Amino acid sequence: KTTADKDIPTPFMNLTDLISNFKKHGLDERDLVALSGAHTIGSAQCFAFRDRIYNETNIDPKFARKRRLTCPRTGGNSNLAALDPTHANFDVKYFNKLLKKRGLLHSDQELFNGGSTDSLVEAYSSDAKAFYADFAKSMMKMGNINPLTGKRGQVRLNCRKVN
């Protein structure tokens, strides 16, 4: 748990920290943006985006108001919000919403906020084939980061618990 907490990026990281985090695992900016595209599926808990919707300025005000309806300033930490409008589909809507300043997590919007990854977000937003290809390559790279093999690791029957 300690290693995971140290190595897995948080939703509060800025772009510099995200790039550094990925770099220490042999991943580059393209991998960062492509793998972040996995946020096209799923939800996040209120505690992970509360500061963004109440305090950040690089956010669409209408989007922030909508998110505040289910994420109060205090309490409701486990209330969920979809990471993107088509949260059950693997598509490029995640990147489209970043262009409109509608990233739910601070770390997501950092990918399109005047930094070195803006052009990748723009490219993926209009080219699903490029995103899918890069996502697959980056998943392979990530899967090869210090894999535990033999008696040091296991293929879990249920990923949430040790066999």
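Rings of Phe, Tyr and Trp (its six-membered ring) pair if their centres lie within 6.5 Å; planes under 30 degrees apart count as stacked, over 60 as edge-to-face and the rest as tilted. By this rule the count comes to nine aromatic pairs. One of them joins Tyr94 and Phe95, an edge-to-face pair with 5.0 Å centre to centre and 80° between the planes. Ring pairs also link Phe90, Tyr94, Phe95, Tyr124, Phe131, Tyr132 and Phe135 into a cluster. Both Tyr94 and Phe95 are buried, where buried means under 20% relative accessible area, exposed over 50% and partly exposed in between (1.4 Å probe, protein chains only).

The model is predicted: local features need pLDDT of at least 70, side-chain atom pairs count only at pLDDT 80 or more, and totals for chains, interfaces and linings use all residues. Residues are numbered from 1 along each chain as its sequence is written, and side-chain values use heavy atoms, with hydrogens and water left out.

In soluble globular proteins, nonpolar side chains tend to be buried together. A nonpolar core is taken here as a set of buried Ala, Val, Leu, Ile, Met, Phe, Trp, Tyr and Cys residues joined through side-chain atoms within 4.5 Å. The largest such core has 20 residues, and those with the most contacts inside it are Val33, Phe95, Leu98, Leu111, Val121 and Tyr124. Helix 2 (15-23), helix 3, helix 6, helix 8 and helix 9 each supply at least two residues of this core; helices (H or I, at least four residues) and strands (E, at least two) are DSSP runs, numbered from the N terminus. Helix 3 gives the largest share, four residues. Apart from this core lies another, of 14 residues, including Ile53, Ala64, Cys71 and Leu83.

Not counting residues up to four places away in sequence, Val33 touches Phe95, Leu111, Thr117, Leu120, Val121 and Tyr124, contact meaning heavy atoms within 4.5 Å.

Leu120, Val121 and Tyr124 are among the buried residues of helix 8 (residues 118-126), together with Asp118 and Ser125. Seen down the axis of helix 8, these buried residues fall within an arc of 165°, so they line one face of the helix; the arc is that of the directions from the helix axis to the C-beta atoms. The cover over the buried residues of helix 8 includes helix 3 (29-36), helix 6 (93-99) and helix 9 (128-143).

Helix 5 can be read in the same way. Its buried residues are Phe63, Ala64 and Arg67. They cover an arc of only 100° around the axis, which puts them on the same side of helix 5. Helix 4 and strand 2 (80-82) are included in what covers them. On the face turned away from the buried side, helix 5 carries the exposed residues Pro61, Lys62 and Lys66. The N-terminal end of helix 5 is capped by Asp60, with a side-chain oxygen 2.8 Å from the backbone nitrogen of Lys62.

Asn58 is buried, with a relative accessible area of 14%. Its side chain makes polar contacts with the side chains of Arg52, at 3.0 Å, and Asn113, at 3.1 Å. A polar contact is a pair of N or O atoms within 3.5 Å; within protein, one must be able to donate a hydrogen and the other to accept it, and residues adjacent in sequence count only if both atoms are side-chain atoms. Leaving out residues up to four places away in sequence, Asn58 touches Arg52, Lys101, Gln109 and Asn113.

Lys101, one of these contacts, lies in the loop between helix 6 and helix 7 (106-109). At 42% relative accessibility, Lys101 counts as partly exposed. Most residues other than glycine have a negative phi. Lys101 has a positive phi of about 60° although it is not a glycine.

Two further loop positions remain. Leu69, in the loop between helix 5 and strand 2, counts as exposed at 72% relative accessibility. Pro9 is found in the loop between helix 1 (2-7) and helix 2, and counts as partly exposed at 30% relative accessibility. Leaving aside neighbours within four places in sequence, Pro9 is in contact with Leu18, Asn21 and Phe22. The UniProt annotation "binding site", from an unreviewed entry, covers Pro9; UniProt positions are given in the numbering used here, feature names are shortened, and annotations may be inferred rather than shown by experiment.
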